[in-house]
Amino acid sequence: MDAAEALASLMSPEGRVDPYPAYERLRAHGPIVPAGPGLYAVTGHAEADELLRDARVRVLDDHLRDGLLPTWRESPAVSSIARSMLRTNPPDHSRMRRLAAGAFTPKRIGAMRDVVTAQTDELIDAMAATGRGDAPVDFMAEFAYPLPVGVICELLGVPATDRPLFRRWTADLTGVLEPEITPAELAVADAGAAELRDYFTDLVAARRRRPADDLTTALVQAHDAGDRLSGEELLANLVILLVAGFETTTNLLGNGLAVLLAHSRAADVLRHHPQHAPAYVDELLRFDSPVQLTTRTTGEAVRLDGVEVPAGSWILLLLGAANRDPRRYPRPERFDPWRAQLNPLSFGAGPHYCLGAGLARLEAQVAFPALLRRLPGLAPAGPPRRRIRLTLRGYDHLPVTVGEP
Ligand code: HEM
């Protein structure tokens, strides 16, 4: 199978449900391979890491976006992502990132530990009550969605009663992060994005009238202090914080729990030794990454591993494949929390390295030991259902029984 066929197998419905065989088919052609006209696929860990840090390698510029989808400015979904820091190049990116990082301090995140612990305990109580008598519980609906949405909403200052609104809007909007999208999927993503933008427009107006001790107020004040964050950028970055901070962490919790339930001896160690949670979480991130890929373009030609990538090429950085690069991780298909120097690429690398990595790790490091300790009988209950998505990999439905608490 040539590289283009291997890439097509990744994009197929089967590849979206289980991308790992397609990654190996691509890897057989080398860590960085031409996989179509002007298109390169990267499966190597060192290569992906280097490209993400290379200043000649950029996220999509507006003029390239114009070529791909001339009407993107009218699409609430595409324009929200495009105007946020996630899809902006320097100097705009550096300015936005500095402002958001200033509002997103390690102190603010550290102070979230109590909130995360309290929400985790409440959700476990509710799961134990729903699952009494061995009734199956959907872990995604009962835990993996509500924890991250509760935490990000607390950080942004969104009232608890409004949280259920976000699940569908966000799930719909994230369709635009897929490498390919149909017009029907784009219409669904646009509807979700329009709802989210309306919601945040109202929240910004409320915080401007009455500031609060939350991230939304901090970003509003960064904007009002001298127009360093335009109104459009403010809205786009609020949307991206919710979108980037929510479904990704949900998928870390879902993918991670499924792996722990399938590795009962490793789960037992974590149950009794929660101090190993950081290593476990990083290995779960590596083993089945919640974000499987990102894309870049080359502003100038780049030469890597003897492959010349001309200026203006598209690069598909397959983070989930890089995390299973056997040159970096011996026996990569094995879940092994005792690996040295994990450094998975699940949070990216370089200037766009995930702003919320500390928060996501905190949530998972609190949640997994608490789930295992408080619900020792937790077990799979029937086949889980994967979402047919490549970029954000996770479950729609993960049935479990909770046993006797
Ligand atoms: C960027 C993954 C959780 C906010 C990124 C990127 C990745 C990523 C791969 C870089 C994308 C690229 O280079 O194109 C993840 C994963 C998470 C997670 C796997 C959970 C397990 C969060 C959370 C937040 C967040 C909880 C916020 C509360 C962001 C933001 C960016 C970003 C704002 C853009 C940073 C920039 O462009 O400078 N994330 N993320 N993420 N993430 Fe996360």
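Helices (H or I, at least four residues) and strands (E, at least two) are DSSP runs numbered from the N terminus. This is a predicted model, in which local features need pLDDT of at least 70, side-chain atom pairs count only at pLDDT 80 or more, and totals for chains, interfaces and linings use all residues. Residues are numbered from 1 along each chain as its sequence is written.

Q: How many helices and strands does the chain have?
A: The C-alpha atoms of the chain fill a box of roughly 60 × 55 × 40 Å along the principal axes. Within the chain, the count is 19 helices and twelve strands.

Q: What percentage of contacts between residues at least 6 apart in sequence join residues at least 24 apart?
A: Two residues are in contact if their C-beta atoms, placed from the backbone, lie within 7 Å. Among the contacts between residues at least 6 apart in sequence, the share that joins residues at least 24 apart is 71%.

Q: Is phenylalanine 368 buried or exposed?
A: Phenylalanine 368 sits in helix α19, residues 357-374. Beyond its neighbours within four places in sequence, its contacts are Gly256, Leu260, Leu270, Ala277, Tyr280 and Val281. A residue is buried with 20 or more other C-beta atoms within 10 Å of its own, exposed with 12 or fewer, and partly exposed in between. Because phenylalanine 368 has 24 C-beta neighbours inside 10 Å, it counts as buried.

Q: How far apart in space are phenylalanine 368 and valine 281, C-alpha to C-alpha?
A: Valine 281 is one of the contacts of phenylalanine 368. In sequence the two are 87 residues apart. In space, C-alpha to C-alpha, their separation is 8.5 Å.

Q: In which strand is tyrosine 40?
A: Tyrosine 40 has 24 other C-beta atoms within 10 Å and is therefore buried. Its contacts, leaving aside neighbours within four places in sequence, include Ile32, Val33, Val309 and Leu316. The strand that holds tyrosine 40 covers residues 39-42 and is β2.

Q: How are α12 and α13 oriented to each other?
A: Helix α12 (residues 164-173) and helix α13 (residues 183-209) pack at about 135°, with axes 7 Å apart. Axes are lines fitted to C-alpha atoms, for helices over the stretch in contact, and angles run from 0 to 180 degrees between N-to-C directions. Angles under 35 degrees count as roughly parallel, over 145 as roughly antiparallel, 65 to 115 as roughly perpendicular and the rest as oblique. The orientation of α12 and α13 is therefore oblique.

Q: How far apart are the axes of helix α9 and α19?
A: Helix α9 covers residues 113-130 and packs against α19 at an angle of about 35°. Their contact involves, among others, Val116 and Ile124 of α9 and Leu362 and Val366 of α19. The axes of the two helices are apart by 10 Å.

Q: Which residue does a cis peptide bond join to proline 90?
A: The omega of this bond is about 5°.

Q: What is the phi of asparagine 343?
A: Asparagine 343 is in the loop between α18 and α19. With 15 other C-beta atoms within 10 Å, asparagine 343 is partly exposed. Although asparagine 343 is not a glycine, its phi is positive, at about 40°.
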